[in-house]
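Take a look at the model below.

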Amino acid sequence: MRIDVVTVFPDYLRPLELSLPGRAREKGLIEVEVHDLRTWTHDVHRTVDDAPYGGGAGMVMKPEPWGEALDAVAPDGATLVVPTPAGEPFHQRLAAELATREQLVFACGRYEGIDARVAADAARRLEVREVSLGDYVLNGGEVAALAVIEAVVRLLPGVLGNAASLAEESHGEDGLLEYPVFTRPVAWRDLAVPDVLLSGDHARIASWRAEESRRRTVARRPDLLTADVGGWRIEPAAPA
Ligand SMILES: N#Cc1c(-c2ccc3ccn(Cc4cccnc4)c3c2)n[nH]c1N
């Protein structure tokens, strides 16, 4: 998979050089390139924003630099991911879907957003997915791009050392929240590890974990018990 990110804050994407995405890049499982949107400006001030038509607070990102940037960075048929508060909810099922794509291009906006014609023009030759991390407001798309990239890259074959852990995670196949986890020491600040986990009885342990997942989900995310978006059944991408 190739991932391109276009932003006015390239340094915001430095975490992609670390940990999971960094190791995936070293293994050759993904290619990642971050681009400065101002590369595609042509005025002395390298202008990327202007006042909104119709009035209102803040500034809007101009379409021209974005159009030139996406022409240069996104080949026909690539998937353009546009983080926005107005996007479709990002969740594990969408992460699994994006993990099947050959190239993802992220358009990270700032200010009050990107001129709407940019996504409309891109949709003429790209798959465009406008996504939201959740119902709260960030100052730009970079944090969302980092989250989406991490959620997608970890699903790619060969990236996670222990692929089995994918099967047991929150928002995984069964759509329930993950059970609580414990490790040594067996007693810590007068708090003990549940006896069942020390029993060696794998059937009892599996049953306890399933019940804990259900209990947590009922308490914290009852919506997952009825919604169709918690679980995911799209197979991760086949090896490239
Ligand atoms: N994904 C996602 C997001 C964003 C988000 C993403 C991109 C941009 C580009 C600019 N802003 C600021 C802004 C503020 C208010 C109105 N419109 C835009 C962004 C916020 N906020 N919250 C999320 N879950």
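Predicted model: local features only at pLDDT ≥ 70, side-chain atom pairs only at ≥ 80, totals over all residues.

**A walk through the model**

D43 lies in the loop between β2 (31–36) and β3 (49–50). Residues are numbered from 1 along each chain as its sequence is written, and side-chain values use heavy atoms, with hydrogens and water left out.

Stay with D43. Its relative accessible area is 31%, so D43 is partly exposed. The classes are buried for under 20% relative accessible area, exposed for over 50%, and partly exposed in between, with a 1.4 Å probe and protein chains only. The side chain of D43 reaches the side chain of T47 in a polar contact of 2.5 Å. A polar contact is a pair of N or O atoms within 3.5 Å; within protein, one must be able to donate a hydrogen and the other to accept it, and residues adjacent in sequence count only if both atoms are side-chain atoms. Now look from D43 to D195. The two are 152 residues apart in sequence, and their C-alpha atoms are 68 Å apart in space.

Next, strand β7. R129 belongs to this strand. Its relative accessibility is 13%, so R129 counts as buried. Its side chain has two partners to inspect. One is the side chain of E88, in a polar contact of 2.9 Å. Another is the side chain of E127, at 3.3 Å.

β5 gives the largest share, three residues. The shell has 18 residues, of which P83, Y111, G134, Y136 and L138 come nearest. A residue is near a molecule if one of its heavy atoms lies within 4 Å of it. By class, nine residues of the shell are nonpolar, seven polar and two charged. Ala, Val, Leu, Ile, Met, Phe, Trp, Tyr, Cys and Pro count as nonpolar, Asp, Glu, Lys and Arg as charged, and the others, Gly among them, as polar.

Which backbone atoms face nitrogen atoms of the ligand? A polar backbone atom of G134 is 3.0 Å from one. For T84, a backbone N or O atom lies 3.4 Å from a ligand nitrogen. For V131, a backbone N or O atom also lies 3.4 Å from a ligand nitrogen. Taken alone, the ligand exposes 510 Å², and the protein buries 88% of that. These areas come from the Shrake-Rupley method with a 1.4 Å probe.

Finally, check the backbone. Most residues other than glycine have a negative phi, and most peptide bonds are trans. S19 has a positive phi, near 45 degrees. S19 is in helix α1 (residues 19–26). With a relative accessible area of 48%, S19 is partly exposed. D190 also has a positive phi, near 60 degrees. D190 sits in the loop between β8 and β9 (191–192). Its relative accessible area is 76%, so D190 is exposed. The last stop is a cis peptide bond between R184 and P185, with omega about 5 degrees. P185 is in the loop between α6 (164–167) and β8 (187–188).

Terms used: Helix = DSSP H or I, 4+ residues; strand = E, 2+ residues; numbered from the N terminus.
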